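Me: I have a structure open and would like to learn how to read its features. Could we go through them in turn?

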Amino acid sequence: MARVRFPGQKDGTSKVKRIILGSVGVVSLIFVIIMLVVFVPKQKAKVLDTKDRIACPGFRDKSDCTSHGCEYANVKSGPSCYMKKNSFGYKVEDIIKQADGMVATLSSLSKTTPYGPSIPLVTFEVTYLTEEILRIKLYDAKNKRYEVPVQDTFPLLQEKKKVDVKKMAYNISVSEKSDVFSFQVRRTEDNTAIWDSRIGGLVLSDKFLQISSYLPSKNVYGLGEHVHPSIRHDLEYKTWPMFARDRTPEAGFINLYGVHPFYTCLENSSKSHGVLLLNSNAMDVALLPAPAITFRSIGGIIDIFFFVGRDPEHTVKLYTSLVGKPVLPPFWALGFQLSRYGYNSLDNVKAVVERTRKAEIPQSVQFLDIDHMENNRDFTYDKEKFANLKNYMTKTQKEYGLKWIIILDPAIEAVKGYEAFESGMKQNVFIKRSPIWNDEMFPPQLVNYNITFGRVWPSSEVAFPNFFDQNARKWWNDSIVNHHQEVPFDGLWIDMNEPANFATNEDRPFNCPEDEYCWTLKCPTSPYEDPPYNPLKDSGSDRISHMTLCMESLHQHGDHYYRHYDVHSLYGWSQTQITLQAAEKAIGYRSLVISRSTYPSSGRYAGHWLGDNKSTWDDLRYSVIGMLEFNIFGIPYIGADVCGFAKATTPELCKRWMQLGAFYPFFRNHNVLDQKDQDPVALGADVVAASKRAVERRYALNPYLYTLFYRSHLEGSTVVRPLFHEFPSDENTWNIGDQFMWGKCLLISPVLTPGANSLKIYLPDAEWWHFKGTESHREEVKGNYFDENDIHEEIPLHVKSGCIIPTEYYQLNKSNVEMPKNLTLYVFPINDESSGELYVDSLNSTGAIENNIFENYHFSYKNCSLSVKKTGGESRSFDWFVHQVHVFKVKAAKAVKIGSQSISNFSVNTTSNVLTVTVKQKLANIGQITWEDENKKCQMLP
C-alpha cells in the first residue's frame, strides 16, 4: 500500500534513513582516519630551511632555549635555537656627525638577553682613520669596559691623519630612529655592502657581546688559529672558537695557540676587503650560508676595523699598516734548520750536525729544546749531558757559520736557590692571585706568595712572568742578556706561551711520576671561569681556564690590573717584543724570535710555527693552508715542523715534506721525544738525495726570498700568497689551497699524497716556465689544469714570464763571516719586457732599512737591454757579484756589451734560445748589458 504524505507532514522514514546514512558516514570517516594513521607514513613537523639564522648558542634543549627568551624550531641545517632578527637589539636616540666620523647613542629594546641584562645605553662611534680604513666601536655609554691594550702599539693609531672625505673608498649609513638599529658599510666605487647588520642579532651584555652581518660573497679567508680543511671557508653554519690554547693542531672546530679575528673577503667583482674584530676575550665566529658572519665574545667591547682594499694583496697591506708591518728576519734565518725534542746530550747534537755537513746538506741553524736545560729550567743548561756546550756552539759558529736557537718557556720553577725565581721574586714580576681566593688553593710552601702558581715541565710548581709589567720586562731582558754569556745563542724560540698550564681543574698532570703526589691548580667557582656562555665548550674546554691559568689571576700594568680573563690571549704577544729586544741586545746584531702564541701585530717582532703537528699526509697538506693564512695575518715568517713532530715519519713522507719545507719561509725539521731520528741522513740515501736537492734549491732562491721579506717589511705585503692574491678575477684560484706563490713570480706545486706518479697543476692565465735553470721550458697550458709527470726528483716550480729572478750559487760555509753573494740572474721576458729587484744589506744588521744601511737594485729588460739600477739605500756597496745572466727567448746575439765594454764570454743556445752572459762583476758596477745580432738588430722570440 502506498503511503500518502500530507503537506507539512515530516517524513519519519527519511529521517531514519538520514540518521542511518550519517552514522555510516561517521563510521567510514573514522575508519579512513584510522587507516591513514596506521598505514600512511607520519609527516614530521615543518622543517625550516633558512640561511641567515643567528644562533642562541649554549642551551641544552628546546625548554632551556625558550626559557632564556630564544626561539626554537626544527631546521635542515644550522641552529634550532635561534634569535629573531629584532630580538635584543637597539634603537637610535641621537646622532652627532663629526669631521672624522660620527657618534650615536643607542638604547636597548630589551632589558634582558639570554645571557644577562642588556647594556642599556651604548655609544656607537665611527672614526675615519684613512680614506681606506674605517673604525667602528660599540661600548657601554656609562661604564668603562676593558679594551685591548695592543692597540696602544698600533702605528696607525699613533698618527693623526687628515682624511679627505671626498676620496674615501667607503661610506656608512645608519638606520632611522624609528627602526631597529643597524648600519651598513659600502664600497663607494660600486656600492657593494661589505658590512650589513640588518641581519639582526646585536646583543650587548656584560659577558656576551654579539654582532652579525651579511657578507657580499662566499669567498671568506683567514680567521685563526685553527686547522682549516680548505683555504676558503665553508659557510654552512660553521663555528670556530678563538682563545689561545695549548692544543695539538688537528682538524675540527678547535681553538689553537693564537688568536686572529681577522678575515678577508674576495667580492664577486674581484675586489677585496678585510675586517678585524679587535677583542681578546674568549670568542667564536660563526659563518652562515646567507652568506653572513657572527662574532661572539664574552668580554670587552665591539671594536671593528674595516679595510677597503682594491685587491687581496692591497687589503693585507692596509691591515698591516694598522697593526704593524712584519719584521725583517736575518738572512741566515732563511736557511735550513734542524731541531728535535730529545737530543738528550751534546754528543747526539754533534752527531746530527756533523753527519748533515758530511752529506753536504746545507744547514744554517741548530735548535736546542728543553732537554738541554737543567731540570727543564729556563736560563740553565745541563752541565753533565751538555758539558762544553758553549765551546761547541762557538766552534760551529766560527767554522761553519752555524747559528743556534734555544728554547725559553715562560714558566719559572718556584724553588729556592734558582736564580731566575729568586730574582723574579725580588723584582715582583709574576702574575698575581685574586684577593678573593682562599690560600688553601696552593701548596703549603707557597701559600704566602701573592703569585698564581701552576705546573708545566719543571718537576715542581711554577710562576708566570707578567710581561705587561715594566719590572718584569726588564727582568726578562736582563735574564736573557746574562744567559747569553753561558750559552751564546743567536735566536730565541718562545714556547708554551698561551700560557699553557698542565691539568688545570684536574687531579693530576700527565707528566707527574706515578709514585708521587703532584699539586694542580684548581680554579674557584666564578662568573669568569663559568660565564653565561662558554664559546670553548664544544672544543673540549668545560671551563674557560682549561689548560691555562685561573681567569681571575691578575696582571699588573702600571697603576691598574688586568684580569687574565681579558688578556689571556695576549700573553704570547706581550712576551714577544721584549724577547726580540733582549736577544738583539745580547748578541749585538739582528736576531730571530719564533713564538707559538700570536695575536694581531705579533709579526712585527716574531715568526711562528704551526705547532705540534703529526707525521701524516693530512698534516702535510694542512700546513700549506696554515702558511697562507699566517701571511694574511701579517706573520709571513711561518712554517710547520718538517717531516712532522709527533708520530713516526716515513722516508716517502719526509722526502715530500723536505721538498715542500724548502718553500716554507721558516724551514725547520723538528721531532718529538722518544721518536726515531728524522734528520735527512737518519732516513737513508733516498731522503738524503732529495733533501740535498731541495735545500740547495732553497739556498739558490734565498736572495729572491730575502727581497720579498724586504717588501713585506716596507709595505706590509705577503711573502707567500694564495694564487687568488695574484689572480683575483680567476674563479678557479679562489679555493686553491694546495699550490701557492712566492711573491708575484714563483708558483709552487707540492706533492701532498703518497705514491704519486703525477700531479694535477693549475696554471692561471699567464705565460709560465717550468723553472729548471737554463733548462727551463715554456708551458703550453695557461688558465687550466694539466698533469705533470716530472715530480720524482723535485716538486714543480714555475716562473711567470715578465719576471727576473736573482739566485745564489751556494757553497757550504767555512766561517761565520758573511761573504758577498755570488748571483745568477734569470730573465723571462713577456712582450719583450721583464723586471725584478734585489734587496742587499749586511745580512744581519739591526735597523738596516730604518738606518739606510742597505742597497736596492731594480732589474729591467727591454729590447735586448738589461739594466741594473740602484734605487735605494746608501752609497756604499756590499760587493755582491753577478756571475752570470741567462736571458730566455733570444733568437740571436753576435755582440754583447757590459756598459760600453764589449765582451766575448757569452753564448746562445739556439735550441732553447737562452743567452748566457758571464759577467763576473759587482752589482754596483754593471749598469747595463746589451746585445745585438750580426745586423745590429734585436732578435727576440715573442
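**Reading domain, helices and pockets**

Reply: Start with the record. UniProt, in an unreviewed entry, places the feature "domain: Glycoside hydrolase family 31 TIM barrel" at residues 326-708. Keep in mind that this is a predicted model.

Me: Now a pair of helices. At what angle do the axes of α8 and α10 cross?

Reply: Helix α8 covers residues 470-483 and helix α10 covers residues 571-587. Their axes cross at roughly 40 degrees and come within 9 Å. The crossing is right-handed.

Me: Which residues in α8 and α10 meet?

Reply: From α8 they are R473, W476, N477, I480 and V481. The partners in α10 include S574, Q575, I578, A582 and A586. By kind, the residues of this contact divide into seven nonpolar, six polar and two charged.

Me: Next, pockets. How is empty space found?

Reply: The general idea is to roll a probe the size of a water molecule over the atoms, which shows where empty space is left. In this structure, the largest pocket has a volume of about 900 Å³.

Me: How many residues line the largest pocket, and which lie nearest its centre?

Reply: The lining has 38 residues, and P57, G58, F59, Y533 and D538 lie nearest the centre. The elements that give two or more residues to this lining are β1 (54-55), α2 (62-67), β16 (238-242), β19 (283-288) and β20 (292-297). The largest share, four residues, is from β16.

Me: How do the residues of that lining divide into nonpolar, polar and charged?

Reply: In the lining of the largest pocket, 19 are nonpolar, seven polar and twelve charged.

Me: How much space lies in the second largest pocket?

Reply: The second largest pocket holds about 650 Å³. It is lined by 26 residues, with E696, R697, A700, E808 and Y809 the closest to its centre.

Me: Which element supplies the largest share of the lining of the second largest pocket?

Reply: Helix α13 does, with seven residues. At least two residues each come from α13 (685-715), β44 (803-808), β45 (822-828) and β49 (881-888). The lining of the second largest pocket divides into ten nonpolar, seven polar and nine charged residues.

Terms used
Residues are numbered from 1 along each chain as its sequence is written. This is a predicted model: local features need pLDDT of at least 70, side-chain atom pairs count only at pLDDT 80 or more; totals for chains, interfaces and linings use all residues. Side-chain values use heavy atoms; hydrogens and water are left out. On a 1 Å grid over the protein atoms alone, a cavity is a set of points where a 1.4 Å probe fits but cannot get out, and a pocket is an open set with protein on both sides within 12 Å along at least five of seven lines; lining residues have an atom within 4 Å of a point. Grid points are joined across faces, edges and corners, and a volume is the space filled by probe spheres set on the points. Ala, Val, Leu, Ile, Met, Phe, Trp, Tyr, Cys and Pro count as nonpolar, Asp, Glu, Lys and Arg as charged, and the others, Gly among them, as polar. UniProt positions are given in the numbering used here, feature names are shortened, and annotations may be inferred rather than shown by experiment. Axes are lines fitted to C-alpha atoms, for helices over the stretch in contact, and angles run from 0 to 180 degrees between N-to-C directions. A crossing is left-handed if the near helix is turned anticlockwise from the far one by less than a right angle, and right-handed if clockwise. Contact means heavy atoms within 4.5 Å.
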